[in-house]
Amino acid sequence: MDLFAYAPAPESRDVVDIRPSYGLFVDGAFTDGGGEPFKTVEPATGEALAEVASADAADVDRAVAAARRAYETVWGPMSGRDRAKYLFRIARILQERSRELAVLESIDNGKPIRESRDVDLPLVAAHFFYHAGWADKLGHAGLGADPRPLGVAAQVIPWNFPLLMLAWKIAPALACGNTVVLKPAETTPLTALAFADVCRQADLPPGVVNIITGAGETGRLLVAHDGVDKVAFTGSTEVGREIARTVAGTRKRLTLELGGKAANIVFDDAPLDQAVEGVVNGIFFNQGHVCCAGSRLLVQETVAGEFLDRLKARMATLRVGDPLDKNTDVGAINSAAQLARIADLADAGEREGAERWSPPCDLPGRGYWFAPTLFTGVAQSHRIASEEIFGPVLSALTFRTPQEAVEKANNTPYGLSAGVWSEKGSRTLWVAERLRAGVVWANTFNKFDPAAPFGGYKESGHGREGGRHGLEAYLEH
Ligand code: NAD
């Protein structure tokens with residue numbers, strides 16, 4: 001039964017101006033690229049939005065040289081106090097343009113406007129504000145009295161939080177006195193190019209931030225370039241491994257933020273409705289395209305039946321559809337390739353014997369969509385229990401004792417995040433201490449703050465982003 005009939009509430013596209021084609025942003029100006037241009041597609045329709053330049057080896061050279069010049073002549077010698085002014089200015093412009101940037105993000109990525117407006121953009125601005133505060137206080141970060149910048153940072157980011165991942169990379173790099181060459185993902189370049197415009201608006205000296213677009217090959221050229229001092233990568237574990245091999249034996253510093261397969265552990269004493277909300281938020285937020293998504297539900301056997309019933313009832317209320325509709329909970333899958341990967345893993349779950357369930361929901365006729373999906377009866381040996389699906393698919397397992405919960409939660413090559421739901425603080429702490437995960441949330445999930453370090457263990461990568469710890473990756477000390 002449809003309890004609430006919502007009228008459509010579309011956010012207007014008029015606030016964005018998508019040009020037919022985009023160049024590379026190098027040394028403060030937009031230029032052509034030497035590679036074959038590519039198209040970025042709107043996931044909700046499957047239609048091309050714009051043609052985007054692709055950087056070849058000569059373009060990467062130019063961008064790195066511009067970043068080096070800017071580092072040596074202006075940004076490196078500048079006082080922290082003056083760098084802070086630029087970062088504050090960028091943060092304020094991001095706030096002023098947040099509506100436009102949120103709409104652009106939802107169009108290019110497929111995520112619901114409610115999330116880009118209420119989560120991504122506020123966090124993007126907060127990241128710049130937070131790091132602006134550090135720029136003149138680096139001597140008080142516990143990293144020595146006078147920590148020095150590294151030089152030129154090569155940064156490669158994925159498509160799931162395009163502008164937020166850019167902020168996580170660029171804000172600390174600039175605050176610490178480094179200059180940047182950043183490559184956004186090929187399916188979501190538009191907000192990074194809009195950010196280039198924000199840099200111009202903020203009068204950031206040319207070459208301090210360079211944005212080069214292109215696919216994996218451009219990223220490969222960038223991280224392998226001799227002129228970079230630091231490589232920061234967020235993306236898949238597979239590409240992270242390749243980058244680690246490329247950088248090994250060089251002077252370059254490296255941080256990797258890779259995949260995850262987080263456990264969301266629900267004990268029988270947890271407030272169940274609250275836990276249902278947390279589990280839903282953990283896996284269906286951003287269509288499950290979240291590295292720290294709570295993609296494995298571990299629920300205590302004594303409450304499993306009741307919990308799964310409540311979870312299904314809640315999933316049936318999720319509204320899947322137009323990312324620009326303010327009532328939408330689950331938007332479009334970012335690309336045809338990602339949709340195929342999700343479908344393939346979900347089919348494997350069925351073939352291996354798990355029980356698949358989705359609420360009835362009408363998916364739009366064009367674009368890339370996947371209904372929120374729950375698998376029950378999942379065994380630890382199933383692919384859906386161990387491989388990252390990176391989509392709106394939850395695998396439910398059960399446990400009897402806290403020891404068993406910890407063992408199952410840790411039985412993964414990843415170690416990025418976890419959630420614990422229980423009324424008892426002592427039990428939560430006991431479990432959290434034993435979980436091999438960079439972040440453990442208690443009675444909540446997906447809470448982010450620029451002051452809190454984020455990062456993984458094992459195949460989820462190494463190094464931390466955010467907080468005082470995140471500064472370490474961009475400073476010589
Ligand atoms: P991906 O590794 O395919 O691509 C990420 C970026 O790397 C893109 O910009 C891509 O063009 C570039 N790239 C591809 N091949 C490259 C190469 N050989 N050398 C250099 N760059 C290359 O990942 P994706 O599919 O875009 O993103 C999804 C993955 O990112 C998931 O596994 C997810 O868990 C992970 N992720 C991790 C975090 C984190 O903080 N740990 C955050 C977001 C996403």
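Analyst: Helix α7 gives the largest share of the shell around the ligand, with four residues. The model is a predicted one. α7 spans 216-224, and together with α8 (237-247) it belongs to the elements that each supply at least two residues of this shell. In total, 30 residues surround the ligand. The closest of them are Pro158, Gly216, Gly219, Gly235 and Cys291. By class, the shell holds 13 nonpolar, 11 polar and six charged residues.

The domain assignment gives domain 1 as 13-258 + 457-476 and domain 2 as 263-442. Their C-alpha centres are 30 Å apart. The contact between the two takes 22 residues from domain 1 and 26 residues from domain 2. On the domain 1 side, the elements that give two or more residues are α3 and α4 (113-134). That side of domain 1 divides into seven nonpolar, eight polar and seven charged residues.

Helix α3, one of the elements on that side, also packs against another helix. α3 (residues 98-109) and α6 (residues 190-201) meet at an angle of about 155°, and their axes are 9 Å apart. Angles over 145 degrees count as roughly antiparallel, and α3 and α6 are therefore roughly antiparallel to each other. From α3, the contact uses Leu101, Leu104, Glu105 and Asp108. Leu190, Thr191 and Ala194 are the residues that α6 brings to the contact. Sorted by class, this helix pair has four nonpolar, one polar and two charged residues in contact.

An open sheet of three strands runs in the order β1-β5-β4, with mixed pairing. β1 (21-22) and β4 (38-42) are the edge strands, and each has a single partner, so one side of each is left without a neighbour in the sheet. β1 pairs with β5 (residues 47-52) in the parallel sense over two bridges. In this pairing, tyrosine 22 stands opposite valine 52 of β5.

The other sheet to describe is an open one of seven strands, again with mixed pairing, in the order β14-β15-β16-β13-β12-β17-β18. At its edges are β14 (355-357) and β18 (439-442); each has a single partner strand, so one side of each lacks a neighbour in the sheet. From one strand to the next, the twist averages 20°. β14 and β15 (residues 373-376) run antiparallel and are joined by three bridges.

α10 (residues 301-315) covers β12 (263-266), β13 (296-300), β14, β15 and β16 (393-399). The helix runs at about 135° to β13.

Note on methods
Residues are numbered from 1 along each chain as its sequence is written. This is a predicted model: local features need pLDDT of at least 70, side-chain atom pairs count only at pLDDT 80 or more; totals for chains, interfaces and linings use all residues. Two strands pair if DSSP finds at least two bridges between them. Axes are lines fitted to C-alpha atoms, for helices over the stretch in contact, and angles run from 0 to 180 degrees between N-to-C directions. Two residues are in contact if their C-beta atoms, placed from the backbone, lie within 7 Å. Angles under 35 degrees count as roughly parallel, over 145 as roughly antiparallel, 65 to 115 as roughly perpendicular and the rest as oblique. Ala, Val, Leu, Ile, Met, Phe, Trp, Tyr, Cys and Pro count as nonpolar, Asp, Glu, Lys and Arg as charged, and the others, Gly among them, as polar. A residue is near a molecule or strand if its C-beta atom, placed from the backbone, lies within 6 Å of it. Domain bounds come from an automatic or database domain assignment.
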